[in-house]
Amino acid sequence: MASESEENGTEMQPEVEETAYALARLKLENLLNKSMRIRMTDGRTLVGLFLCTDRDCNVILGSAQEFLKSTDSFSQGEPRVLGLAMIPGHHVVSIEVESESLQTTTHGL
């Protein structure tokens with residue numbers, strides 16, 4: 001005899017969550033070592049290679065460069081080389097994967 005929770009389908013929920021988790025993880029794994037541009041709440045932009053993230057949405061970029069928010073819309077100024085950088089998740093405004101980084105992966109297959 002089936003229990004009430006089995007009849008309602010509530011025991012199937014963990015399978016759906018595991019599948020969603022697996023898909024999200026696969027997407028993140030495909031972005032590893034891709035060039036990303038991260039805009040931060042203070043106006044700075046960091047560009048570097050995506051190395052890892054955690055459940056708090058902190059992001060680690062390798063070979064990172066920092067671009068300050070310019071007052072002149074025509075010049076970005078010189079980037080500051082940071083190397084390895086950790087960006088706290090609560091400071092991330094947007095994340096963009098550079099299209100050239102994605103295209104080299106698809107052409108290499």
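Reader: How do the residues of the lining of the largest pocket divide into nonpolar, polar and charged?

Author: In this predicted model, the lining of the largest pocket includes Tyr21, Ala24, Leu28 and Phe50, and also Arg25, Glu29 and Thr53. Sorted by class, the lining residues come to seven nonpolar, one polar and two charged.

Reader: Which element gives the largest share of the lining of the largest pocket?

Author: Two elements contribute two or more residues each to the lining of the largest pocket, namely helix 2 (13-31) and strand 2 (45-53). Of the lining, the largest share is five residues, and the element that supplies it is helix 2.

Reader: Which strands stand at the edges of the sheet?

Author: The chain has three helices and five strands, and along the sequence these elements follow the pattern α-α-β-β-β-β-β-α. The five strands form an open sheet with antiparallel pairing, in the order 4-3-2-1-5. Each edge strand has a single partner, so one of its sides is left without a neighbour in the sheet, and the strands in that position are strand 4 (80-87) and strand 5 (92-97).

Reader: Which residue in strand 5 is the bridge partner of Arg37?

Author: Strand 1 (residues 35-40) pairs with strand 5 in the antiparallel sense over five bridges, and five bridges also join strand 1 to strand 2, again antiparallel. On the side of strand 2, Arg37 stands opposite Val47. On the side of strand 5, the bridge partner of Arg37 is Glu96.

Reader: Which residue has a positive phi in the turn of the hairpin that strand 2 and strand 3 form?

Author: Strand 2 and strand 3 (residues 59-67) run antiparallel and are joined by seven bridges, with Leu49 and Gly62 as bridge partners. The hairpin of strand 1 and strand 2 has four residues between the strands, and there Gly43 takes a positive phi near 95 degrees. In the hairpin of strand 2 and strand 3, which has five residues between the strands, the residue with a positive phi, about 70 degrees, is Cys57.

Reader: What percentage of the residues in the chain is buried?

Author: Among contacts in the chain with a separation of 6 or more, 41% are between residues 24 or more positions apart. Burial is a separate count, in which a residue qualifies if its relative accessible area is under 20%. Of the 109 residues in the chain, the buried share is 20%.

Notes
Residues numbered from 1 in each chain as written. Predicted model: local features only at pLDDT ≥ 70, side-chain atom pairs only at ≥ 80, totals over all residues. Heavy atoms only, no water. 1 Å grid on protein atoms, 1.4 Å probe; cavity = no way out; pocket = protein on both sides within 12 Å on 5 of 7 lines; lining within 4 Å. Nonpolar A, V, L, I, M, F, W, Y, C, P; charged D, E, K, R; others polar. Pairing = 2+ DSSP bridges. Buried < 20%, exposed > 50% of the residue type's maximum accessible area, 1.4 Å probe, protein only. Contact = heavy atoms within 4.5 Å.
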